[in-house]
Every structure is written in structure tokens, then in C-alpha cells.
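Hi,

Here is the structure I said I would pass on.

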Amino acid sequence: MLPVHWSATARDNLATVIRFIANESPHAARRMRARIQESVLPAAEHPYLFPSGRVPGTREIVAHPNYIVVYRVAADRIEVLTVLHARQNYP
């Protein structure tokens, strides 16, 4: 099982999402944080489980219909690169 490392950008993106949701519902924000963070856990056991991303060398997890987690598989860990809103223009 590979450890999961969240980049500073991914942590910042997640915090922005959670703050936005918390304005309406702190409880929903806590649930969404858990859902997004837990969505990466299967990749730790099966790094290539999720489909290839739009950027070469990345993979994408649809953590929620509105949120996508982008990660890459490194030799010794899973690197979470960013958390995106599904409608966000990416890359």
C-alpha cells in the first residue's frame, strides 16, 4: 500500500471547496471533506484503478459529481495534485 501525499495546492483547493460549502452548511462541508479525502484511499492499494487524466501522467477520481481529485502515481507514493470543480476549465 502506497502512502498518500496531498500537495499544498491540493490542500488549498480542498480548503476552498470546504469553506464554500460551509457557508451554507457546516455539516455538509464536513461530510464533503471526508468524502473527498476518502476517495483517494483505494488508489493507495490499487494505484491504476482510476482512469487516466486529461494531463499526461495523471489519473482522475470523481469523488462527487461536482468534484474531481487529480493524482499521479510516484514510485513510492500517491501524489494528490489538485481538487477541481467538475465545471472548472482544466487543464
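**What I found**

The side chain of Glu 60 has a polar atom 3.1 Å from the backbone nitrogen of Arg 54. Bear in mind that this is a predicted model, so every number here is computed from it.

Let me stay with Glu 60 for a moment. The residue sits in strand 2, and its relative accessibility is 12%, so it counts as buried, the cut-off being under 20%. Across in strand 3, its bridge partner is Val 70. If you skip the neighbours within four places in sequence, Glu 60 is in contact with Phe 50, Pro 51, Gly 53, Arg 54, Ile 68, Val 69, Val 70, Tyr 71 and Tyr 90.

How is strand 2 placed as a whole? Five of its six residues (the strand covers 59-64) are buried, so the rest of the structure largely encloses it. Strand 2 and strand 3 (residues 67-73) run antiparallel, with five bridges between them, and a hairpin takes the chain from one to the other through two residues.

Now the overall layout. You'll find three helices and four strands, in the order β-α-α-α-β-β-β along the sequence. The radius of gyration comes out at 13 Å, close to the 12 Å that the globule rule gives for 91 residues, so the protein is as compact as a globular protein of that length. The C-alpha trace spans about 40 × 30 × 20 Å along its principal axes. Of the 91 residues, 40% count as buried. Taking the contacts with a separation of 6 or more, 45% are between residues 24 or more positions apart.

Next, the inside. The largest nonpolar core has 20 residues, and Trp 6, Ile 36, Val 40 and Val 69 have the most contacts within it. At least two residues each come from helix 1 (8-22), helix 2 (26-39), strand 2, strand 3 and strand 4 (78-85). Helix 1 gives the most, with five residues. To take Ile 36 as an example, and again setting aside neighbours within four places in sequence, its contacts are Trp 6, Leu 14, Val 17, Ala 63, Tyr 67, Val 69 and Val 83.

On aromatics, how many pairs does a search of the whole structure find? One. The ring centres of Phe 50 and Tyr 71 are 6.3 Å apart and the planes are at 90 degrees, so the pair is edge-to-face. It links distant parts of the chain: Phe 50 is in the loop between helix 3 (41-45) and strand 2, while Tyr 71 is in strand 3, 21 residues apart.

Not counting residues up to four places away in sequence, Arg 72 touches Gly 57, Arg 77, Ile 78, Glu 79 and Leu 81. Pro 42, 30 residues away along the chain, has its C-alpha atom 13 Å from that of Arg 72.

That's the lot from me.

Cheers

Notes
Residues numbered from 1 in each chain as written. Predicted model: local features only at pLDDT ≥ 70, side-chain atom pairs only at ≥ 80, totals over all residues. Heavy atoms only, no water. Buried < 20%, exposed > 50% of the residue type's maximum accessible area, 1.4 Å probe, protein only. Pairing = 2+ DSSP bridges. Polar contact = N/O pair within 3.5 Å; in protein donor to acceptor, adjacent residues only side chain to side chain. Contact = heavy atoms within 4.5 Å. Phe/Tyr/Trp six-rings, centres within 6.5 Å; stacked < 30°, edge-to-face > 60°. Core = buried A, V, L, I, M, F, W, Y, C linked by side-chain atoms within 4.5 Å. Rg over C-alpha atoms; globule rule 2.2 N^0.38 Å.
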